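Visitor: Could you walk me through this structure, step by step? I would like to start with how strands get counted as partners.

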Amino acid sequence: MLTAAVTTGTDTTHFAASSLAAYENDFFNDWKARCYQGTHKDITVTVTDFVTSTGAFTLTPAVTGSYDTTDRF
């Protein structure tokens, strides 16, 4: 299991976790992510894209309200 804190939340389907930027591009695609703390606690999403250069994730489905720095996955 990996854990990460959101370092930048941009909207309801994207966030960045800079601590995971060392992983290869698309490494996390199709992984399930579950938020265990923060605004979106107990929500599970699927990673549809991961960008190494920024540590940015694209997720589905969209959540209510933007991801923020209180969210932990």
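This is a predicted model: local features need pLDDT of at least 70, side-chain atom pairs count only at pLDDT 80 or more; totals for chains, interfaces and linings use all residues.

Visitor: Ok, so how many bridges do E4 and E5 have?

Guide: E4 and E5 are joined over five bridges, and they run in the antiparallel sense. That count qualifies them as a pair, because at least two bridges are needed.

Visitor: And what stands opposite Ala56 in E5?

Guide: The residue facing Ala56 of E5 is Val51.

Visitor: What order do the strands of the sheet come in?

Guide: The sheet is an open one made of five strands, which follow the order E1-E2-E5-E4-E3 with antiparallel pairing. Its edge strands are E1, covering 8-9, and E3, and each of these pairs on one side only.

Visitor: What holds strands together in general?

Guide: In general, strands of a sheet pair through backbone hydrogen bonds, and the pairing can be parallel or antiparallel.

Visitor: Where is Ser53, and is it buried or exposed?

Guide: Ser53 sits in the loop that lies between strand E4 (44-51) and E5. Its relative accessible area is 66%, and Ser53 is therefore exposed, since the cut-off for that label is over 50%.

Visitor: Why do Phe50 and Phe57 count as buried?

Guide: Buried means under 20% relative accessible area, and Phe50 counts as buried because its value is 0%, while Phe57 counts as buried because its value is 5%.

Visitor: Which residues do the ring pairs link up?

Guide: Ring pairs link Phe15, Tyr23, Phe27, Phe28, Trp31, Phe50, Phe57, Tyr67 and Phe73 into a cluster.

Visitor: Last topic: what about the largest pocket?

Guide: The largest pocket has a volume of about 240 Å³. It is lined by 16 residues, and those closest to its centre are Leu2, Trp31, Lys32, Ala33 and Phe73.

Visitor: Which strand gives the most to that lining, and what classes of residue are there?

Guide: E3 gives the most, with three residues. By class, the lining of the largest pocket holds 13 nonpolar residues, one polar residue and two charged residues.

Definitions and conventions:
Residues are numbered from 1 along each chain as its sequence is written. Side-chain values use heavy atoms; hydrogens and water are left out. On a 1 Å grid over the protein atoms alone, a cavity is a set of points where a 1.4 Å probe fits but cannot get out, and a pocket is an open set with protein on both sides within 12 Å along at least five of seven lines; lining residues have an atom within 4 Å of a point. Grid points are joined across faces, edges and corners, and a volume is the space filled by probe spheres set on the points. Helices (H or I, at least four residues) and strands (E, at least two) are DSSP runs, numbered from the N terminus. Ala, Val, Leu, Ile, Met, Phe, Trp, Tyr, Cys and Pro count as nonpolar, Asp, Glu, Lys and Arg as charged, and the others, Gly among them, as polar. Buried means under 20% relative accessible area, exposed over 50%, partly exposed in between (1.4 Å probe, protein chains only). Rings of Phe, Tyr and Trp (its six-membered ring) pair if their centres lie within 6.5 Å; planes under 30 degrees apart count as stacked, over 60 as edge-to-face and the rest as tilted.
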